[in-house]
Amino acid sequence: MTTTPSDPTTALPGGPPVVDLATWQAARDELLVREKAHTREGDALAAARRRLPMVELDGTVEVVGPDGPVPFLDLFQGRDELVVYQHMWYDGAPHQGQCEGCTTTAWHVKDAVYLNARGVSFAVLTSGPWDEVAAYVEFMGYTQPWYSVRGVDAPIGGGMGHIVCFLRDGDRVFLTYSTTGRGNEPVNGSFALLDMTPYGRGEAWEDNPEGRAVIGDVREGHPSEGRQACWYWRSDADGNATWGPTSRPVPQWTRPGATPVETLGRHGHHH
């Protein structure tokens with residue numbers, strides 16, 4: 001059976017037009033030309049990154065982890081390269097009060113086995129005091145190495161919310177790359193997958209066809225309008241977008257051993 005975009009029995013309200021396979025393939029092939037150009041430009045940007053100069057740092061600066069203060073050099077775990085994610089922290093906040101964007105990012109890098117096999121170590125740094133950080137890491141069931149960089153100067157400490165790359169040569173440590181904002185998106189593979197779907201991320205800033213539903217207009221620290229957009233994603237135990245005492249970053253509902261009752265009860269406040 002062939003259908004036409006104007007056929008009211010097959011068209012989806014607010015959805016893409018319905019066409020036959022040959023018409024779809026022609027449109028898909030046209031887009032593929034642009035996608036390939038985008039990939040080549042991405043490769044060129046990566047090549048430029050590899051040609052950036054670097055800055056030598058003091059690798060003996062101490063950060064605090066499960067074994068107490070250790071030199072930053074230890075985070076390389078003997079490897080030559082280190083990638084860190086700098087996780088924002090709200091002092092004294094309950095677990096559900098920590099940054100939903102950073103929580104989502106850290107959730108997408110639950111371990112670094114592939115990076116490690118490639119000779120790259122990974123760690124999460126945060127400006128929170130270690131006792132609070134340790135309780136949060138246990139609560140979330142994280143297996144990545146976490147460290148407190150409270151009081152440490154940038155680029156190891158300082159402003160959070162960055163991905164930063166370092167290179168080691170013996171006891172010498174160098175800063176090679178840093179990015180933030182949407183530059184952090186490669187860590188979060190869900191964004192790339194959402195970008196492939198017809199409804200996208202559902203963010204208000206996206207360029208969507210007229211009539212296409214938008215999930216919510218969300219700004220950091222503000223509630224959504226309607227459903228929740230993907231970056232600042234908070235929900236109640238039933239998955240409904242909400243802000244307030246019953247809401248938390250979505251990964252917290254799916255962490256190891258989580259149940260809504262346990263989450264809102266025993267773990268609903270900071271220890």
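Modeller: One term to begin with: two strands pair if DSSP finds at least two bridges between them. The model here is a predicted one.

Colleague: Fine. Which strand does a hairpin join to strand 2?

Modeller: Strand 3; the hairpin between strand 2 and strand 3 runs through two residues. Strand 2 covers residues 62–65, and strand 3 covers residues 68–71.

Colleague: In which sense do they pair, and over how many bridges?

Modeller: Antiparallel, over four bridges. Gly 65 has Gly 68 of strand 3 as its bridge partner, and Glu 62 stands opposite Pro 71 in strand 3.

Colleague: Which side chains of strand 2 are buried?

Modeller: Val 63 and Gly 65, which point to one face.

Colleague: Stepping back, how many helices and strands does the protein chain have?

Modeller: Six helices and 10 strands. The chain has 271 residues, and 38% of them count as buried.

Colleague: On to the rings. How many aromatic pairs are there?

Modeller: The structure holds seven aromatic pairs. One of them is Phe 72 with Phe 166: the ring centres are 4.9 Å apart and the planes are at 70°.

Colleague: Why is that pair edge-to-face?

Modeller: Planes over 60 degrees apart count as edge-to-face, and the planes of Phe 72 and Phe 166 are at 70°, so the pair is edge-to-face. The two residues are 94 apart in the chain: Phe 72 is in the loop between strand 3 and strand 4, and Phe 166 is in strand 7.

Colleague: Is Phe 72 buried or exposed, and what about Phe 166?

Modeller: Phe 72 is buried, at a relative accessible area of 0%. Phe 166 also counts as buried, at 2% relative accessibility. Another edge-to-face pair is Tyr 136 with Trp 146, at 6.2 Å centre to centre and 65° between the planes.

Colleague: Which parts does the pair of Tyr 136 and Trp 146 tie together?

Modeller: Tyr 136 lies in helix 4 and Trp 146 in strand 6, so the pair ties together parts 10 residues apart in sequence. Tyr 136 is buried at 0% relative accessible area, and Trp 146 is buried at 3%.

Colleague: Which ring does the charged end of Arg 255 sit over?

Modeller: The ring of Phe 139, at 3.9 Å from its centre. Arg 248 lies over the face of Trp 253, 5.1 Å from the ring centre.

Colleague: Last topic. Where does Arg 150 lie?

Modeller: In the loop between strand 6 and strand 7. At 43% relative accessibility, Arg 150 counts as partly exposed.

Colleague: What is Arg 150 in contact with, leaving aside neighbours within four places in sequence?

Modeller: Asp 91, Thr 126, Ser 127, Gly 128 and Pro 129. A polar contact of 2.5 Å joins the side chains of Arg 150 and Asp 91. A polar atom of the Arg 150 side chain also lies 2.7 Å from the backbone oxygen of Ser 127.

Definitions and conventions. Residues numbered from 1 in each chain as written. Predicted model: local features only at pLDDT ≥ 70, side-chain atom pairs only at ≥ 80, totals over all residues. Heavy atoms only, no water. Buried < 20%, exposed > 50% of the residue type's maximum accessible area, 1.4 Å probe, protein only. Phe/Tyr/Trp six-rings, centres within 6.5 Å; stacked < 30°, edge-to-face > 60°. Lys NZ or Arg CZ within 6 Å of the ring centre and 35° of its normal. Contact = heavy atoms within 4.5 Å. Polar contact = N/O pair within 3.5 Å; in protein donor to acceptor, adjacent residues only side chain to side chain.
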